[in-house]
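Visitor: I have not looked at this one before. Can you walk me through it?
Guide: Go ahead and ask.

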Amino acid sequence: MTREKNEVIGNYEVVDGVLTTRREVLVMGALAAGALTGTAALAQNVKTAAAGAPAVDKGEIKEMDFSGLLTKKMEGLSSNQIDQHLKLYKGYVTKHKEITALLDNPDLTAQLPAPNATYAPLRELLIEQSFALNGVVYHELYFGNLGGEGGDPKGNLKSAIEAHFGSSAKFMDFLKASGKCMRGWVIVGWNTRDQRIHTYGLDMHNMWSPAGVIPLVVLDVYEHAYMIDHGINRAAYLDAFVKNLDWDVCGKRFDAIAKA
Ligand SMILES: [Fe+2]
């Protein structure tokens, strides 16, 4: 596609026929995200499976409201820690919207330099799209399973966990050990292929994220999740996480799978 010598395309502009990144961030306005990608649609299905999730945001992922956590007295998780963490989450929502708008713009993609698996602007957009998307969805599942009273699993999920791990206590030990091993996330989820519970570890939002898995318990172990309250003492944070885990929410996620 032939471009004008000087033309603005999203966050990029053509200057003397060369595509460059604009210095200032534009209000996306008319470039708002269009149809969901297949990946986003899958994530929305996962989001819908999460208990308490709002109706699917058609065409655009919108920020969910977790401000209720700020007024909950959570032992080992201060309102300041949660507030800072929520701001990071909001940033992923914003970036996902921005990246989606760029990828939905055929005028822009036609102008991007040659596709290349070592480096290309399109490659960068595709990678960061899944980083931002998973950053949104996993944080929603994480904040969604916080604010409870901890203790043991309940109902059908309790039975499934005890059947798999031997006891709730062994599950807790395994969850905390997994949390010490990873740099990003621990996802205890239902694998829709082999119909059983697995524990998965991720070092980043989009690094080793399991396909076809519905998250049940989502644990954020990025340092930003606990540095304000616990410094580098991750063990103390993991103790705080399980004390504030909402087993009612996790149980509803599990029950929703059975109904589906
Ligand atoms: Fe986080």
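This is a predicted model: local features need pLDDT of at least 70, side-chain atom pairs count only at pLDDT 80 or more; totals for chains, interfaces and linings use all residues.

Visitor: Fine. Which strands form a sheet with β4, and in what order?
Guide: The sheet is open and has 3 strands in the order β5-β4-β6, with antiparallel pairing.

Visitor: Which strands stand at the edges?
Guide: β5 and β6 do. Each has a single partner strand, so one side of each is left without a neighbour in the sheet. From one strand to the next, the twist averages 25°.

Visitor: What holds strands of a sheet together in general?
Guide: Strands pair through backbone hydrogen bonds, and the pairing is either parallel or antiparallel.

Visitor: Back to this sheet. How many bridges join β4 and β5?
Guide: There are 7 bridges between β4 and β5, which spans residues 196-202, and the sense is antiparallel. G189 has H198 of β5 as its bridge partner, and W190 has I197 of β5.

Visitor: And how many bridges between β4 and β6?
Guide: β4 also pairs with β6, residues 213-220, in the antiparallel sense over 7 bridges. On that side, I187 has V218 of β6 as its bridge partner.

Visitor: What is the phi of Q195?
Guide: Phi of Q195 is near 55°, a positive value in a residue other than glycine. For context, most residues other than glycine have a negative phi.

Visitor: Is Q195 buried or partly exposed?
Guide: Q195 is partly exposed, with a relative accessible area of 49%.

Visitor: Is W208 buried or exposed?
Guide: W208 counts as exposed, because its relative accessibility is 53% and the cut-off for exposed is over 50%.

Visitor: What about S209, where is that?
Guide: S209 is found in the loop between β5 and β6. At 29% relative accessibility, S209 counts as partly exposed.

Visitor: Which residues does S209 contact, leaving aside its neighbours within four places in sequence?
Guide: S209 is in contact with N134, Y138 and L202. As for distances, the C-alpha atoms of S209 and W185 are separated by 9.1 Å, while the two residues are 24 apart along the chain.

Visitor: Changing topic to helices. Which helix lies across the sheet strands?
Guide: Helix α6 lies across β4, β5 and β6, and runs at about 130° to β4.

Visitor: At what angle do α6 and α8 cross?
Guide: The axes of α6 (residues 168-181) and α8 (residues 234-243) cross at roughly 140° and come within 10 Å. That angle makes α6 oblique to α8. The crossing is right-handed.

Visitor: Which residues make that contact?
Guide: From α6 they are M172, L175, K176, G179 and K180. From α8 they are R234, A235, L238, D239, F241 and V242. By class, the contact of α6 with α8 has 6 nonpolar, 1 polar and 4 charged residues.

Visitor: Now α2 and α4. At what angle do they pack?
Guide: Helix α2 (residues 79-103) and helix α4 (residues 121-144) pack at an angle of about 145°, and their axes are 8 Å apart. The crossing of α2 and α4 is left-handed.

Visitor: What classes of residue are in that contact?
Guide: The contact of α2 with α4 has 16 nonpolar, 5 polar and 3 charged residues.

Visitor: Last one, the chain as a whole. How many helices and strands?
Guide: The protein chain has 9 helices and 6 strands. Of its 260 residues, 46% are buried. Among contacts between residues at least 6 apart in sequence, 65% join residues at least 24 apart.

Definitions and conventions: Residues are numbered from 1 along each chain as its sequence is written. Side-chain values use heavy atoms; hydrogens and water are left out. Axes are lines fitted to C-alpha atoms, for helices over the stretch in contact, and angles run from 0 to 180 degrees between N-to-C directions. Helices (H or I, at least four residues) and strands (E, at least two) are DSSP runs, numbered from the N terminus. Angles under 35 degrees count as roughly parallel, over 145 as roughly antiparallel, 65 to 115 as roughly perpendicular and the rest as oblique. A crossing is left-handed if the near helix is turned anticlockwise from the far one by less than a right angle, and right-handed if clockwise. Contact means heavy atoms within 4.5 Å. Ala, Val, Leu, Ile, Met, Phe, Trp, Tyr, Cys and Pro count as nonpolar, Asp, Glu, Lys and Arg as charged, and the others, Gly among them, as polar. Two strands pair if DSSP finds at least two bridges between them. Buried means under 20% relative accessible area, exposed over 50%, partly exposed in between (1.4 Å probe, protein chains only).
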